[in-house]
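Please read them with the structure open beside you.

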Amino acid sequence: DQRLDRTLEELMRRDAAAHTSTVSGLIRKPHMCSGCPHSVSLKKPKGAKAFLGIGCHYMAGWMDEDRSAVFVTPMGVEGSAALSHLLYSSSHHVFQNLGDGTAFHSGSLAIRELVAAIEELVPDKGITYKIYYDSTIAMTGGQKPQGGVTVERLTWQLHAEGVAQIVIVAEDAVKYRHADLAPGVRVYPRDQLLAVEEDLQKVS
């Protein structure tokens, strides 16, 4: 009826007003917290395709081309859409965003599934998981991820799952110089992120 239509119109007007700055009239979308390292870590090589995961980095879905990512996915199956893309397109490589909390919760199973699936279905292509490690679940209040492991132990887990190449990119790369890392793990400072990602695009 007309009353319902008016109510719906009013709700839509309020929603639009809530997402519009009264000062400039510009739309202001949610963004990473000021100083968050993942705002930089989301960057990818020019022309590369990345897929969304559950977490703050989901906001990459509406960020600039340097950090953009596509396709909504449920928690625990990060990588399934990326695999489908590789199966039915000419793309040789894609990135898959994954938070450390999700990785500990169910993402490790997604990685295991993708390692097996790629070997079976697209052995000449590759997916690079970008695991954003910060030891906190920022999007819901900053809780400590349950079942979490250290970066060092995470490298051993990934190695055991058969991940072809494991790389750590960190603000303080020196602290991993004498760490107990899985065989073949390389460590780079964060300012070399794009160069590292360009190398990973060649892995299959």
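**Notes on the fold and its cores**

1. The buried residues of helix H6 are covered by elements that include H2, strand S2 (93-99), strand S3 (126-132), strand S4 (167-170) and strand S5 (186-189). Here contact means heavy atoms within 4.5 Å, while buried means under 20% relative accessible area, exposed over 50% and partly exposed in between, with a 1.4 Å probe and protein chains only. Helices (H or I, at least four residues) and strands (E, at least two) are DSSP runs numbered from the N terminus.

2. This is a predicted model, in which local features need pLDDT of at least 70 and side-chain atom pairs count only at pLDDT 80 or more, whereas totals for chains, interfaces and linings use all residues. Residues are numbered from 1 along each chain as its sequence is written, and side-chain values use heavy atoms, with hydrogens and water left out.

3. In H6 (residues 193-200), the buried residues are Leu 193, Val 196, Glu 197 and Leu 200. Viewed down the axis of H6, these buried residues fall within an arc of 100°, so they line one face of the helix; the arc is that of the directions from the helix axis to the C-beta atoms.

4. S4 and S5 pair in the parallel sense over four bridges, and Val 167 has Arg 186 of S5 as its bridge partner. Two strands are taken to pair if DSSP finds at least two bridges between them.

5. Gln 96 counts as buried, at 1% relative accessibility, and, leaving aside neighbours within four places in sequence, its contacts include Phe 51, Glu 78, Ile 127 and Tyr 129.

6. The largest nonpolar core has 28 residues, of which Leu 83, Ile 127, Tyr 129 and Ile 168 touch the most other members. A nonpolar core is a set of buried Ala, Val, Leu, Ile, Met, Phe, Trp, Tyr and Cys residues joined through side-chain atoms within 4.5 Å. At least two residues of this core come from each of H3 (80-87), S2, H4 (100-121), S3, H5 (151-160) and S4, and H4 gives the most, with seven.

7. H4 deserves a look along its axis. The helix bends by about 75° at Ser 106, the bend being the angle between axes fitted to the seven residues ending there and the seven starting there. Although H4 has 22 residues, its end C-alpha atoms are only 27 Å apart, short of the 32 Å that a straight helix would reach at 1.5 Å a residue, where the expected span is 1.5 Å times one less than the number of residues. Its buried residues pack against H3, S2, S3 and H5.

8. Where does Met 32 lie? Met 32 is in the loop between helix H1 (2-18) and helix H2 (38-41), and is buried, with a relative accessible area of 9%. Leaving aside neighbours within four places in sequence, its contacts include His 38, Leu 42, Cys 56 and Met 63.
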